[in-house]
Amino acid sequence: MAITEHRDIEKGDNKGLEDLIDPLLDDGLKKVDDDEFKVEEVEQNYSISMVLVSTAVAVCGSLEFGSCVGYSAPVQTDISIDLNLSVAEYSLFGSIVTIGAMIGAIMSGRIADAIGRKGAMALSAVFCMAGWLAIFSSMGSILLDTGRFSTGFGIGIFSFVVPIYIAEIAPKNLRGGLTALNQLMIVTGSSISFLLGTVVSWRTLALTGLVPCILLLVGLLFIPESPRWLAKVGREAEFQDSLRKLRGAKANIFAEADEIHETIFTLQSLPKVRLSDLIDAKYIKAVIIAVGLMVCQQSGGINGIGFYASETFQTAGLASGKAGTVAYALIQIPVTMLGVVLMDKSGRRALLLVSSSGTFLGCFLAGTSFFFKSQAIFLERVPLLAVSGVLIFIASFSIGMGAVPWLIMSEIFPLHIKGAAGSVSVLVNWFGAWVVSYSFNFLINWSPAGTFWLFSGFSVLTIIFVAKLVPETKGKSLEEIQASINK
């Protein structure tokens, strides 16, 4: 998911820009009396308000991302019946979104640099809207797959540009929380699709995917462009105006503007890195950690289980997959919020170990339930055991394995290789997502128990990988993290 300047694609790379935006009030303003202090406070609040509005508009793209990812789970049965799709045809429909996203992510850096962050978000919305309309009007697999691919291309761009835009406009003291909204809104969009899919038709659900795009396109008319991008392309007057809108009318933006210019100059002076440079001894361990975490994330089965949750529950013996799908949707949001809170308290490694242990348990229980069903024993307990296993899996994944690999990827690479190394990591992630989402239905037809036990085995390998190779990055500067890896 090559990128000119890569950052964290799905979860948001705010670490590489840690000192980029630090709102500074005019040093000349002295708090001589309470009235002058209140003036400063009002201007700070105004600045924060504009940043919050801009972030709210941007994360409509994250909401769209989640809506697209969650679409296939609740509608599998209805689409397959209405359009007479085979298992292979629906597997292609469910998984082709990842191919589109992979291509969109590869092109996203250049697109965002060429037409700006706002322009890239608008282009993404257009592709997503075209895709949803194609899905809505499809009468066969060709238009259906074309629409799904188009939405995938759109969310591939969103996955890069939304967290980048937020990181580039947010004050340093708000950046962590605001970029966390990206992942939270992805999960929220997915949950909304899951819930709506249980009560509306698949064509109507496709139309609901237009809503975040429309909100985004309207909102883009009222928010400023990224000041960092404007400075990078030499549009100095617009840069000053954008920064002024974000920081407030009386804020001293000159010190921050100088800092942004200095950062851009430093980035442009760094040596260009080729992919072959990533196997250098200085970088290879970081590459192994980042790529390994992406493989671990996808090999646990998240995109297979998530894309086809409703059908999985029906295979387990539930009369309808809707009840399990609703539970799946409701559990994601609060657990993801808990993971965001714990990330800087419990540490990255601890969350990964707990999360992968939970995914092992969930998949093992689900696999055991299908084994009981195949052996015709404890049949009355099979549905409950299967649902419990899947819910334990998604809760465990959401608390750590969903977000932490992306965060660690953004922390362990030196700035000048982050684009090339990040591109490799993201491509591995999207390719893994395609492999799992395409093969899942075939694996289930082969052996439901074997499929989930296979995923549980990969979770065990994840535990070993994290314990042996992944460093703890909590509370360390980027330089400290990279130095510890090189040692």
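**Close-up views of a predicted model**

**View 1. A nonpolar patch sits on the surface.** Patch members have over 30% relative accessible area and no salt bridge, with like charges joined within 9 Å and nonpolar side chains (Val, Leu, Ile, Met, Phe, Trp, Tyr) within 5 Å; a salt bridge is a side-chain nitrogen of Lys or Arg within 4 Å of a carboxyl oxygen of Asp or Glu. Leucine 461 belongs to helix H19, residues 448-469 (helices are DSSP runs of H or I, at least four residues, numbered from the N terminus).

This is a predicted model, where local features need pLDDT of at least 70 and side-chain atom pairs pLDDT 80 or more, while totals for chains, interfaces and linings use all residues. Residues are numbered from 1 along each chain as its sequence is written, and side-chain values use heavy atoms, without hydrogens and water.

**View 2. Helix H4 is mostly covered.** Of the 29 residues in H4, 24 are buried (under 20% relative accessible area, 1.4 Å probe, protein chains only). At phenylalanine 158 the helix bends by about 30°, the angle between axes fitted to the seven residues ending there and the seven starting there.

**View 3. Cysteines without disulfides.** Searching the whole structure gives zero disulfides (pairs of cysteine sulfur atoms within 2.5 Å). For cysteine 60, the nearest cysteine sulfur is that of cysteine 213, 9.2 Å away. Cysteine 68 has its closest cysteine sulfur in cysteine 128, at 6.2 Å, too far for a bond. Both are buried: cysteine 60 has a relative accessible area of 13%, and cysteine 68 one of 0%.

Notes. Helix = DSSP H or I, 4+ residues; strand = E, 2+ residues; numbered from the N terminus. Buried < 20%, exposed > 50% of the residue type's maximum accessible area, 1.4 Å probe, protein only. Areas by Shrake-Rupley, 256 points an atom, 1.4 Å probe, with all protein chains shown as cover.
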